Amino acid sequence: MKEYKLVFTGTTGAGKTTAINAISEVPAVKTDVANTDSTLNKEFTTVGLDFGQINLANGDRVRLFGTPGQSRFDFMWKILTKDAFGLIILIDNSRPEPLADLAVYLEGFAQELRNTPCVIGVGRTEEHHTPSLDDFSTALESKGFTLPVIPVDVRLPKDVILLIELLMAQAEADMQEEFLSQ
Amino acid sequence: MNIDVGILANARNECRKLLTEQVGVLGVVISSVDGFDVASAVTRDLEPAKIAAMASSIAAIGIVVSQEASLGASKSITVNTEDGFVYITNIELAGQLCALNVIANSSAILAQIIYHSGEIKRRLEVS
Ligand SMILES: Nc1nc2c(ncn2[C@@H]2O[C@H](COP(=O)(O)OP(=O)(O)O)[C@@H](O)[C@H]2O)c(=O)[nH]1
Ligand SMILES: [Mg+2]
């Protein structure tokens, strides 16, 4: 049995806490407290971490960690991504500038992104069509990243599982590339 | 966070008093549960905004740990270090839950800081 550590990060309100709670097979650990920031339309916000765990069909175990979204908690970003196998960045397309939101996490996790597989999940794309997935890909490319971007509704376990499967595939592809370039 | 200016002024005053009157205290920060600096007095090397964010993470993790262990509500957290300590305890400002953070070097006495923190709590919670 292998154990993997995956980290969910991204915009506050994009659904990191929701995603982990949607799929965890153990009671998830939440550290949400009352939000006092009036610029965020949100009753509760994560200030510590989220934690959950799932077992994959092949018996491997995945430990899921969620970060706080706001960059004032970037010290937790560092703590939580230590030894992470992969990173999932969640973006909320209903916000004013989703591409700028993405840039915050690409920058905040720049060091990890150099050698950690990553996928991007964009939420609320059905009601908010722009930026399009292509716009995200273009924005990523302009920063030198080639990462999978998919639309998700993290309230649905199947969407969260899809993100994790995509991340696993991304990790495998990275390993093959490394192998071929040797 | 919406707190009456008078209460905020009292809170700031209490922070300043603890900082100046107690030996070894390097910083006193009252922070909101979600990690904003509400009132503070610090020596120059400390950044209240950062302390506030960190305090809320530590306090939140303290709460889940005490829940997991069925030990009742978390009341305070002390981080003892080689050169001093950080003491974090709950405090209410105008009915809103906050944290009082005291950062001190080894010349401060923890028991004394706990006592004075209790006094500050008592005074601010009635104001
Ligand atoms: N309508 C709608 N709501 C969503 C969607 N994705 C997430 N949400 C909601 O958005 C909120 C996300 O909050 P939370 O999980 O605390 O976000 P976090 O800050 O990233 O941890 C929850 O109330 C979800 O139910 C979506 O695609 N559509
Ligand atoms: Mg959250």
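Modeller: Helices here are DSSP runs of at least four residues, numbered from the N terminus. Keep in mind that this model is predicted.

Colleague: At what angle do helix H1 and helix H6 of chain A pack?

Modeller: Two packed helices are described by the angle between their axes and the distance between the axes. H1 covers residues 16-23 of chain A, and H6 covers residues 157-180. Their axes are 9 Å apart, and the angle is about 100 degrees.

Colleague: Are H1(A) and H6(A) roughly parallel or roughly perpendicular?

Modeller: Angles from 65 to 115 degrees count as roughly perpendicular. The two helices pack at about 100 degrees. H1(A) and H6(A) are therefore roughly perpendicular.

Colleague: Which residues of H6(A) does H1(A) meet?

Modeller: H1(A) brings A:Ala19, A:Ala22 and A:Ile23 to the contact. By class, this contact has 7 nonpolar residues, no polar and no charged ones.

Colleague: Now the ligand. How many charged residues are in the shell around ligand 1?

Modeller: There are 13 residues around ligand 1, with A:Lys16 and A:Arg124 among those that come nearest. The shell has 2 nonpolar and 6 polar residues. The charged residues number 5.

Colleague: How much of ligand 1 does the protein bury?

Modeller: Start with the contacts to its oxygen atoms. A backbone N or O atom of A:Gly15 lies 2.8 Å from one. A polar side-chain atom of A:Arg124 lies 2.7 Å from an oxygen atom of ligand 1. Taken alone, ligand 1 exposes 600 Å², and the protein buries 77% of that.

How values were computed. Residues are numbered from 1 along each chain as its sequence is written. Chains are lettered from A and ligands numbered from 1 in the order in which they are written. This is a predicted model: local features need pLDDT of at least 70, side-chain atom pairs count only at pLDDT 80 or more; totals for chains, interfaces and linings use all residues. Side-chain values use heavy atoms; hydrogens and water are left out. A residue is near a molecule or strand if one of its heavy atoms lies within 4 Å of it. A polar contact is a pair of N or O atoms within 3.5 Å; within protein, one must be able to donate a hydrogen and the other to accept it, and residues adjacent in sequence count only if both atoms are side-chain atoms. Accessible areas come from the Shrake-Rupley method with a 1.4 Å probe; for residues, only the protein chains shown count as cover. Ala, Val, Leu, Ile, Met, Phe, Trp, Tyr, Cys and Pro count as nonpolar, Asp, Glu, Lys and Arg as charged, and the others, Gly among them, as polar. Axes are lines fitted to C-alpha atoms, for helices over the stretch in contact, and angles run from 0 to 180 degrees between N-to-C directions. Angles under 35 degrees count as roughly parallel, over 145 as roughly antiparallel, 65 to 115 as roughly perpendicular and the rest as oblique. Contact means heavy atoms within 4.5 Å.
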